[in-house]
Amino acid sequence: MKDSIDYLVLGSGIAGLSFAALMAKKGKKVAVVEAHEFPGGFGHTFEMANKYKFNAQLHYVWNCGEGETVNLVLRKLGLDKEVTFERYDPEGFDHMYMPGYHVKIPASSELLIERLGDLFPQAKDKIRAFVETVNKVSDGLSNISFPIKAGTVFRKFGPISTALRYLKYTLQDVFDHFKLPKEAQTLLALQWPDFLLPPDQLSFYAWVMLFTGYQRGAYYPTQHFEHVMDSMVRVIEENGGKMYYNHEVSAFLLKDQQVYGVKGKHLLTEEEFELTGETVICNMDPKKAAQMIGWDKFSKSIQKKLDYDYSPSNYMAYVAVKDLDLQKYGFGKWNVFHTGHRDLNKAFYQMYKDTDYSNPSFAITTPSQLTTHRGDCPEGWQIVEFLTVANYAYWRPLKNRDEKQYKKEKMNILWSIIDQVEKHYIPDFRKHMVFKMTGSPTTNERYCWCPEGNSYGSNLSPRNIGIGRLDHRTSLKNFYFCNASSGYAGFAGTFWTGAALYQRLSGDQVFE
Ligand SMILES: Cc1cc2nc3c(=O)[nH]c(=O)nc-3n(C[C@H](O)[C@H](O)[C@H](O)COP(=O)(O)OP(=O)(O)OC[C@H]3O[C@@H](n4cnc5c(N)ncnc54)[C@H](O)[C@@H]3O)c2cc1C
């Protein structure tokens, strides 16, 4: 086998891994350089106390059904029979709770209209008009690819023109347009931790893609997310590829507008390394990479696209419980989203801007309810995870200034969340807790290498979504971006991003 590397992939996030696995399977010589000791980026799994396994960030995923994006990539890799997914309850995959109201979000739009219509009978027509528009925009978006082709526009004129009308809208703009009751807005947007943005900042497009994606099917991997990442690593290694863990890239090697390699340090041994490749694929955050390379090396148009703002960071609590029958308390094949507020925008800013978690809004996920496959904790024990927003600008200086206070405040958020859990869902939750750990924006930065602890790369606001968004092109020779911020965010989004770049560079089709 030849020694030179065809594709040097910087980062083992999902987009980088899926690209590398597809190229390795195709017979190309691939090397993946990863700063962390585990693969997967935001989707990595870590173990604590030799007992519990937690996925860093992922909770539930979409586009994993037969013939959908993730399935098509896995099929190409020969993994579709062993990497399988469990479907969430289509009768209600997200259970939304707010003061005085509760709704289960179903797969069927008609059922959704009926449920919300029962809660807000005066607004049933408005709710119907809103949901029908959401479906039209979703249909339009699935037909838009940039640059827009005249033939497609002609064939799908209705949905595409409806979709384009909302290009610059936030979710709040559309709620206001349809004059939905505030409480109906809150119930519909209560999965805001999936974006880490409130309705008044969130791109309507981003919300539609995720909401309708989960309606088509919300999934959890049968053998947990670790198995998905490990399976892709196995394909890379079995096909002669190499994974370089604990290798942090600190500089790029450049000659005549061509990136031909990277330099850095092994984080455990401190040994310096230099790696080169015919083509370099950047799964690291594109803006961070561009700053390392030199902003002026990129064309003006790419510089403009790279000038995105980062999405807010988040707070995670990783908990294990023992001897607790979660089903008895209303948990099952769904997520629970909670807010103590009528207005989600206010709820978000109270936590994000004022660091006030006295009445927190958050998501609860329970992997043990989603698959019978154990392996994330001992029999009879269960993992429960809590997710909400957190502001890097508060947590980074606090950690630098006073580590003890930082830890105390992090833990106080968990206690505040658990107060709500005990009040509304599981009265004696604390009694069952056998393990707890919390993650702040600085944890994201440390273990996911994401600038400012960002959650989704570029912020999912109208400014960054749609026409003019960064894609794989860098304006440098043999150097391509392959990351959520240069494609789509999320598990399925980054599978698509990696596979779409593979298609482009190899000429081999993954998607019909
Ligand atoms: C709190 C939270 C919850 C989420 N929940 C979901 C969910 O439920 N469902 C869903 O579909 N999506 C979810 N997501 C989004 C999803 O996790 C991401 O969009 C996706 O994993 C991003 O993948 P990526 O390939 O773009 O890159 P990343 O995951 O960002 O990977 C980049 C890789 O590059 C490496 N790297 C960076 N710098 C260097 C360097 N200097 N040297 C070497 N390596 C480097 C990093 O360590 C990392 O492994 C969530 C995200 C967050 C933050």
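Reader: Which of the 35 residues around the ligand come nearest?

Author: Gly11, Gly13, Gly41, Trp449 and Gly490 do. A residue is near a molecule or strand if its C-beta atom, placed from the backbone, lies within 6 Å of it. This is a predicted model, where local features need pLDDT of at least 70, side-chain atom pairs count only at pLDDT 80 or more, and totals for chains, interfaces and linings use all residues. Residues are numbered from 1 along each chain as its sequence is written.

Reader: Which helices and strands each supply at least two residues of the shell?

Author: They are H1, strand S10 (247-255) and helix H18 (491-506). H1 gives the most, three residues. The labels are DSSP runs numbered from the N terminus: helices are H or I with at least four residues, strands are E with at least two.

Reader: What are the domains, and how do you know their bounds?

Author: The bounds come from an automatic or database domain assignment. There are domain 1 (7-52 + 225-306 + 464-506), domain 2 (107-209) and domain 3 (312-448). Domain 1 and domain 3 each give at least three residues to the shell around the ligand.

Reader: How many residues of domain 2 and domain 3 are in contact?

Author: 14 residues of domain 2 meet 14 of domain 3. Contact requires C-beta atoms, placed from the backbone, within 7 Å of each other. On the domain 2 side, helix H8 (residues 182-188) has the largest share, three residues. That side holds eight nonpolar, three polar and three charged residues. The centres of the two domains, taken over C-alpha atoms, are 29 Å apart.

Reader: Why is the crossing of H1 and H10 called left-handed?

Author: A crossing is left-handed if the near helix is turned anticlockwise from the far one by less than a right angle, and right-handed if clockwise. The axes of helix H1 (residues 14-25) and helix H10 (residues 224-238) cross at roughly 35 degrees and come within 8 Å. The turn is anticlockwise by that rule, so the crossing is left-handed. Axes are lines fitted to C-alpha atoms, for helices over the stretch in contact, and angles run from 0 to 180 degrees between N-to-C directions.

Reader: Which residues meet there?

Author: Leu17, Ser18, Ala20, Ala21, Ala24 and Lys25 in H1 meet Met229, Met232, Val235 and Ile236 in H10. Eight of the contact residues are nonpolar, one is polar and one is charged.

Reader: How do you know that S1 pairs with S2?

Author: Pairing takes at least two bridges found by DSSP. Four bridges join strand S1 (residues 7-10) to strand S2 (residues 30-33), therefore they pair. They run parallel. Valine 9 has valine 32 in S2 as its bridge partner. S1 also has four bridges to strand S13 (residues 279-282), again parallel. There leucine 8 stands opposite valine 280. S13 and S19 pair in the parallel sense over three bridges, and valine 280 stands opposite phenylalanine 479 in S19.

Reader: What order do the five strands take?

Author: They form an open sheet, S9-S2-S1-S13-S19, with parallel pairing. What makes a strand an edge strand here is pairing on one side only, as with strand S9 (242-244) and strand S19 (479-481). The twist averages 20 degrees from one strand to the next.

Reader: Why are S10 and S12 edge strands of the three-stranded sheet?

Author: The open sheet runs S10-S11-S12, paired antiparallel. S10 and S12 each have a single partner strand, so one side of each lacks a neighbour in the sheet. The twist there averages 25 degrees from one strand to the next.

Reader: What joins S11 to S12?

Author: Five bridges link strand S11 (residues 258-266) to strand S12 (residues 272-276), running antiparallel. Valine 262 faces leucine 275, and glycine 264 has phenylalanine 273 as its bridge partner. The two strands form a hairpin with five residues between them, and glutamate 270 in the turn has a positive phi of about 70 degrees.

Definitions and conventions: Two residues are in contact if their C-beta atoms, placed from the backbone, lie within 7 Å. Ala, Val, Leu, Ile, Met, Phe, Trp, Tyr, Cys and Pro count as nonpolar, Asp, Glu, Lys and Arg as charged, and the others, Gly among them, as polar.
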